[in-house]
Amino acid sequence: MLFEQIATGGCQSYLVGCEATLSAVLIDPEISQIDRYRALAARDGLHIRYIVDTHTHADHFSAAKPMGELLGVPVVMHSASPAPHAGLRLDDDDLLIVGELRIRALHTPGHTRDSMCLVVEDRVFTGDTLLIGGTGRTDLPTGDPDQLYDSLFGKLLLLDPALRVYPAHDYKGRGYSTLGAEIADNPRLQKRDRAAFTLMMRELSLAAPTHMTEALRTNMTGGKTVGQLLAEAAAQVPHIGMAELSRRLEGRPNDLLVLDVREAGAFQAGHIPGARHLPRGQLELRVNDEIPDPTMRIVTCCEFGKISTLAAATLRQLGFMRATALDGGMKTWRDGGYPVEP
């Protein structure tokens, strides 16, 4: 078996390949690592046949949908997954055949309703069901401590204790454990009584994951993250630097319009001299009245340079093909000592 473990902070994803056929599966991919996954597969001559998410992640952005589309292969999840982009759904004990590898799915709800573990040869990929020295939390949407108890003590921990445990998260760089080591030393697994275990899980009082709502929204529906929207917009529009814009404004050109897309209070507190105000939320409705000449060169600006990039992309979609965005925002403009008028 060919094997690669890829860490993104505490998130872990895995490229698992059949040495005889060079077929492979990618497990729990993270969106910022797409190019790396492709490079690793190319390095080893692997053909990725399936993209698998062990559950609906709430703490990072899954690359399953874009990777599936990019490679033209199925996204695999449990049958209880809400994700519409999951083209192949597994039930308990279903096998995923990857060359000569046989990957067995175990439905292990508790962290989420659609959680599953994957057993292949000498290892088990446990998602967030079982972590090294811990377990997945049960206080997020569709989590259930009673179901996690059953998944752990009634299914996962009954497997061969020599199996290596590869979870979807490891924040201490330990790489892997074994089921036997977790049974012996994992503090949460010492609560072998159902009532004691479920009480412990209900009283954990953990902070919500960063970007939880956005992660759930995008991972459950296949929608886009804010980062993706910004990256796509940035790829569609050119930008202009602070010094270049300042120099051009000194010449008082007739065909250059600085369009400030912040809200009224921010605009009135200080803006680039001569800028026109049109809030981003009103752009589509008012642009034809505010900017009757679609050939005009427009430079959008906002406070930090992100909303203005979205605004410039929208303007180009609406036919204002000379729209650009200021590289940076009003904060950078002010910090650079450029002129501001009330």
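In which loop does A275 lie? In this predicted model, A275 sits in the loop that runs between α9 (264-269) and β17 (276-277). With a relative accessibility of 11%, A275 counts as buried, because the cut-off for that class is under 20%. Once residues up to four places away in sequence are set aside, A275 touches V258, D260 and F267. The C-alpha atom of A275 is separated by 49 Å from that of P74, a residue 201 positions away along the chain.

**The chain as a whole**

The secondary structure of the chain comes to 12 helices and 19 strands. Of the 342 residues in the chain, 50% are buried. Among contacts between residues at least 6 apart in sequence, 63% join residues that are at least 24 apart.

H111 is placed in the loop between β8 (101-107) and β9 (116-120), and it is buried, with a relative accessible area of 5%. Two polar contacts can be described for its side chain: one of 3.1 Å, which joins it to the side chain of D128, and one of 2.7 Å, which reaches the backbone oxygen of R137. Leaving aside neighbours within four places in sequence, the residues in contact with H111 are H55, D128, G136, R137, L140, P141, T142, G143 and L148.

R137, in turn, is found in the loop between β12 (134-135) and α3 (145-153). R137 is buried as well, since its relative accessible area is 12% and the class takes in values under 20%. The side chain of R137 makes a polar contact of 2.7 Å with the side chain of D139. With neighbours within four places in sequence again left aside, R137 is in contact with G110, H111, M201, L206, A207, A208 and P209.

What lines the largest cavity? Its lining consists of H55, H57, A58, D59, H111, D128, L140 and P209, so that H111 and D128, whose side chains are joined by the 3.1 Å polar contact, both belong to the lining. Within that lining there are 3 nonpolar, 3 polar and 2 charged residues. The count comes to 1 cavity of 30 Å³ or more, and the volume of the largest cavity is about 30 Å³.

The largest pocket has a volume of about 400 Å³ and is lined by 19 residues, of which L131, T135, H169, Y171 and R188 lie nearest its centre. By class, this lining divides into 6 nonpolar, 6 polar and 7 charged residues.

The second largest pocket has a volume of about 340 Å³, and its lining is made up of 22 residues, with I31, P66, G223, K224 and Q228 nearest its centre. Three helices, α2 (64-71), α6 (212-221) and α7 (226-236), each supply at least two residues of this lining, and α7 gives the most, with 5 residues. The lining of the second largest pocket has 6 nonpolar, 10 polar and 6 charged residues.

Most residues other than glycine have a negative phi. L22 has a positive phi of about 65 degrees although it is not a glycine, and E121, likewise a residue other than glycine, has a positive phi near 55 degrees. L22 is found in the loop between β2 (11-17) and β3 (23-27), whereas E121 is in the loop between β9 and β10 (123-127). L22 is partly exposed, because its relative accessible area of 31% falls between the limits of 20% and 50%. E121 counts as exposed, because its relative accessibility of 52% is over 50%.

The table below sets out the accessibility of the residues discussed above.

| Residue | Relative accessible area | Class |
|---|---|---|
| H111 | 5% | buried |
| A275 | 11% | buried |
| R137 | 12% | buried |
| L22 | 31% | partly exposed |
| E121 | 52% | exposed |

Key:
Residues are numbered from 1 along each chain as its sequence is written. This is a predicted model: local features need pLDDT of at least 70, side-chain atom pairs count only at pLDDT 80 or more; totals for chains, interfaces and linings use all residues. Side-chain values use heavy atoms; hydrogens and water are left out. On a 1 Å grid over the protein atoms alone, a cavity is a set of points where a 1.4 Å probe fits but cannot get out, and a pocket is an open set with protein on both sides within 12 Å along at least five of seven lines; lining residues have an atom within 4 Å of a point. Grid points are joined across faces, edges and corners, and a volume is the space filled by probe spheres set on the points. Ala, Val, Leu, Ile, Met, Phe, Trp, Tyr, Cys and Pro count as nonpolar, Asp, Glu, Lys and Arg as charged, and the others, Gly among them, as polar. Helices (H or I, at least four residues) and strands (E, at least two) are DSSP runs, numbered from the N terminus. Buried means under 20% relative accessible area, exposed over 50%, partly exposed in between (1.4 Å probe, protein chains only). A polar contact is a pair of N or O atoms within 3.5 Å; within protein, one must be able to donate a hydrogen and the other to accept it, and residues adjacent in sequence count only if both atoms are side-chain atoms. Contact means heavy atoms within 4.5 Å.
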